[in-house]
Amino acid sequence: MVLRNLFFVPYGWFKLCYTASHADKYTEEERYKVIKMIDNRAIKGGRITIDAHGVENIPEEDGFIFFPNHQGLFDVLAILYACPRPFSVVMKKEVANIPFLKQVFACMKAIAIDRDDIRQGLKVIQQVAEEVKNGRNYLIFAEGTRSRNQNQLLEFKGGSFKSAVKARCPIIPVALIDSYKSFDTHSIDKLTVQVHFLQPILYEEYQGMKTVEIASIVKRRIEEVIRLNEKNEKSC
């Protein structure tokens, strides 16, 4: 990624760091434009193709939450590339200081959650719900941590969906396929990562459900898409 963008890196890094350090000077759309520009160059430099499906399923009205499966550090970058609408992220505090991701998350005004601090976690749930009600979009990894088993999912945690329930917002399941290969395979071969935005689950559909039930539905829908696409690849 770096070598193929050698002449762009100084400008891109300065632009990203400046925007991250002065986030309040820019609108969310302006910040999103900056990180998409840099993300696009990095992905092309890494010879990664993002095969996006279902972009039309992203609601036209802001105030929704993406719930993708979690395969690794590249997940957010893949969704950023495919998604035309600004969104923020709830991230675990452990990744808050990783170079590049730190600046990207600062531009997104992402929220770090401490999984060992219940009180802080409740505050994050409430903050996200209020911001979504006011028209911001978020991404939450319901597995809590990345799966180490390629395209197989961990259990989705019911608590991850509390912000959506409080905000009464659309839930957008997102299926990521082969995203783990970007950083985990240590290869410079060309790579395709699939991003599938699934049909929104509206509040009217999950109203009255327990969050563990919602988590089960979202997980099952993502698994079905992954299973179908892996089957199609094998048949080809």
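Which residues point one way from β6, and which the other way? In this predicted model, Ile-171, Pro-173, Ala-175 and Ile-177 point one way, while Ile-172, Val-174 and Leu-176 point the other way, and all of them are buried.

**Overall form**
- The radius of gyration is 17 Å, which agrees with the value near 18 Å that a compact globule of 236 residues would have.
- Along the principal axes, the C-alpha trace spans about 55 × 50 × 35 Å.
- Of the 236 residues in the chain, 51% are buried.
- Among contacts with a separation of 6 or more, 75% are between residues 24 or more positions apart.

**Strand β6 and its partners**
- β6 covers residues 171-177, and seven of its seven residues are buried.
- Strand β2 (residues 65-68) pairs with β6 in the parallel sense, over four bridges.
- In that pairing, Ile-65 stands opposite Ile-171 of β6.
- Strand β7 (residues 191-197) also pairs with β6 over four bridges, but here the sense is antiparallel.
- Ala-175, one of the buried residues of β6, stands opposite His-196 in β7.

**Strand β3 and its partners**
- β3 takes in residues 88-92 and is mostly covered, with four of its five residues buried.
- Strand β5 (residues 138-140) runs parallel to β3, and three bridges join the two.
- Val-89 faces Leu-139 of β5 across this pairing.
- Strand β4 (residues 111-113) is a parallel partner of β3 as well, again over three bridges.
- On the β4 side, Lys-92 stands opposite Ile-113.

**A closer look at Gln-103**
- Gln-103 sits in helix α4, which comprises residues 101-108.
- Its relative accessibility is 14%, and because buried means under 20%, Gln-103 counts as buried.
- Beyond its neighbours within four places in sequence, Gln-103 is in contact with Trp-13, Leu-16, Cys-17 and Ala-20.

How values were computed
Residues are numbered from 1 along each chain as its sequence is written. This is a predicted model: local features need pLDDT of at least 70, side-chain atom pairs count only at pLDDT 80 or more; totals for chains, interfaces and linings use all residues. Side-chain values use heavy atoms; hydrogens and water are left out. The radius of gyration is taken over C-alpha atoms; the globule rule is 2.2 Å times the number of residues to the power 0.38. Buried means under 20% relative accessible area, exposed over 50%, partly exposed in between (1.4 Å probe, protein chains only). Contact means heavy atoms within 4.5 Å. Two strands pair if DSSP finds at least two bridges between them.
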